[in-house]
Amino acid sequence: MNKESNYSETLKDKFGWEEYTVFSIVLVLSTGIGLFYGVYKRKEQSKDEYLMGSRQMSAVPVALSLMSSFISAIAMLGNPMEVYLYGTQYLTVIISFIPMTFVLIYVYANVYFKMQLTSSYEVATYLEIRFNSAVRYLVSIINILYLIMYCSLVVYGPSLALNQVTGFDINLSVAIIFAVCIFYASIGGFRAVLMTDALQAIIMIGSMLAINIKGFSDEGFQSIWEKLEETRRIEFFRFDTDPRTRHTVWSIVFGGFFMYLNFFAGTQANIQRYSSMPDLKTVRKAILINYVALTVMMTCVVMSGLIILGKYFHCDPYSAKLIESSDQTIPFLVMDILGDYPGLSGVFVAGITCASLSTVSSGLNSLAAIITEDYVRKFKPDISDAVLLNVSRIVSIVSGILSFGFVFIAMNMGNIYPVAISIGGMVMGPTTGLFTLGIIFPFANSWGAFLGVVSSFMFTGLLTIGSSIAGMNKLLPDQSLSVSTENCSAYLSGIDLENIKHVNHSYAPGFDWKERHENDSPYIKLVSTSYLLFHGIGVLGSVFFGLFFSLTIKLSNLDRDKPVKKECLNEYFLTLWKWVAPNQIANLVEEKDTLKNGVSDETNKTHGL
């Protein structure tokens, strides 16, 4: 055993049978819910029940599922580090939840629900009705690749945590988490995923509350605040207009708005949840409850970053080589402050595992819906529901196995939080922009939308891939604030002080990064754009390019689209457009209700409905 690992090994020894028991109970409960709905309720399980919960879900479990599937293990590990390393500006991300919730209720959710699509793959069906099949299948392929990659990232997060607090082999823990997810998602279906998510949301909130209560009790808020002031971390109103600045009001509130909107308005998993409820009133109630749960959870998550600063003000665990990755800081903190209380550290490990289980199970359920509706039913429209149900289960299993394989790529990506957010911006941003284009602008046409989303995807892809490559080559500006190892010898006995990185609070790279990167090339400056802006760039890119190409096609007399069905448009914006340009809208929008249960006759024939 190396001297530098003595303290880490001591903390790992605190993870005893009580913690393993708590952790095991959570896995057993998650598996048990899958068994209940997959075996005990098997006779009642149709395809609609398996993929949509028979559209009779209540608001509370849906709201908790929305929250827990978004607050992944990546968020629980990465968000505290944003506060610890870059300051308090990140706390203002909670403000973005307010406009996001309002827009979600009144712009997106009412359109998704009122169409009452009969297909379980709501995303694609809407896009085909509003635009054409080319747009549908483009988004379908993008979503399949994204979900497989994203699920691998969110499983790698808790595996790091387990490795830090228990010494558990990372590969083994990844395999266990995927096995549990695949089991209850493929056996129990949508209702099992939803009920398990609700249980896991409660455990996640409980685990973060325990960290906050114990952390602030030990360190004292006044003491932490003084340390924040000393290291120049207190900042809430930074209006810097340089897009490279990691945290500003613009990147946090504006970027946070689009980041959360993309997840809640532009993904199959969540649109599926809105359509699983019986009426629009229940949908709106669920979104409001989600706002409250999301605010409580994210407040606890980001505040834990302040506790890290207070606890490790004089000895940063990563610089002292007590942990292998900065993503392991929160698990290290948990064992340090909760390790002496039997079972509590097990609650945290259970909570962070729940965050991963929830996200992955939702992803697998969505992949099953996408692949069965877009490809299986496409090539075999007369397939029975019973056969399609079994195919959906097989798709869940195969998708889980493929995602498991991508974990080994995720291990080499560095800090997973910025990577996950960047990839999400590259994929979800253009997709949500496409929905925005279709819902708000009746004069957007099919090929304009297709070219618009491709252009936005290419641009955000350039930013994401370019940023990743530049980051690996150490070309991006380091904007982190000061950390210290000047008192590790007093705090952590047994460390080989010759091998640690010697730093203190007298200097931080974040103080003068602009001067150091003043002569960067235009390309490096472009890819140095704050990763928090990628989601907004993706959304606005699809809208801007979509409108530009739609206008170009219209002026070139190449537009062959039929009038837009009014159900595909937001009623408030449609009223606005009728007031602004009544004659043009009369020619563009078909007022007659031509949808049968939310699906046009042409789409019904295509999918054998």
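Is K214 buried or exposed in this structure? With a relative accessible area of 17%, K214 is buried, where buried stands for under 20% relative accessible area, exposed for over 50% and partly exposed for what lies in between (1.4 Å probe, protein chains only). The model is a predicted one, in which local features need pLDDT of at least 70 and side-chain atom pairs count only at pLDDT 80 or more, while totals for chains, interfaces and linings use all residues. Residues are numbered from 1 along each chain as its sequence is written, and side-chain values use heavy atoms, with hydrogens and water left out.

**The chain as a whole**

- The chain's secondary structure comes to 25 helices and four strands, taken as DSSP runs numbered from the N terminus (helices: H or I, at least four residues; strands: E, at least two).
- Of the 609 residues in the chain, 62% are buried.
- Contact means heavy atoms within 4.5 Å, and among contacts between residues at least 6 apart in sequence, 86% join residues at least 24 apart.
- The accessible surface of the chain is about 23,300 Å², with 64% of that belonging to carbon and sulfur atoms; such areas come from the Shrake-Rupley method with a 1.4 Å probe, and for residues only the protein chains shown count as cover.

- K214 belongs to helix α9, which covers residues 170-219.
- The side chains of K214 and D218 are joined by a polar contact of 2.5 Å, a term for a pair of N or O atoms within 3.5 Å in which, within protein, one must be able to donate a hydrogen and the other to accept it, residues adjacent in sequence counting only if both atoms are side-chain atoms.
- Apart from neighbours within four places in sequence, K214 is in contact with I337, L338 and Y341.
- I337 and L338 are among the buried residues of α14, a helix of residues 329-338 in which ten of ten residues are buried.

**Cysteines**

- The whole structure has zero disulfides, a disulfide being a pair of cysteine sulfur atoms within 2.5 Å.
- C300 is buried at a relative accessible area of 7%, and C568 is buried at 0%.

**A nonpolar surface patch**

- F237, F239, W250, F254 and L540 form a nonpolar patch on the surface, with about 560 Å² of accessible area together.
- Patch residues have over 30% relative accessible area and no salt bridge, with like charges joined within 9 Å and nonpolar side chains (Val, Leu, Ile, Met, Phe, Trp, Tyr) within 5 Å; a salt bridge is a side-chain nitrogen of Lys or Arg within 4 Å of a carboxyl oxygen of Asp or Glu.
- F239 sits in the loop between α10 (221-230) and α11 (249-265), and F239 is partly exposed, with a relative accessible area of 46%.
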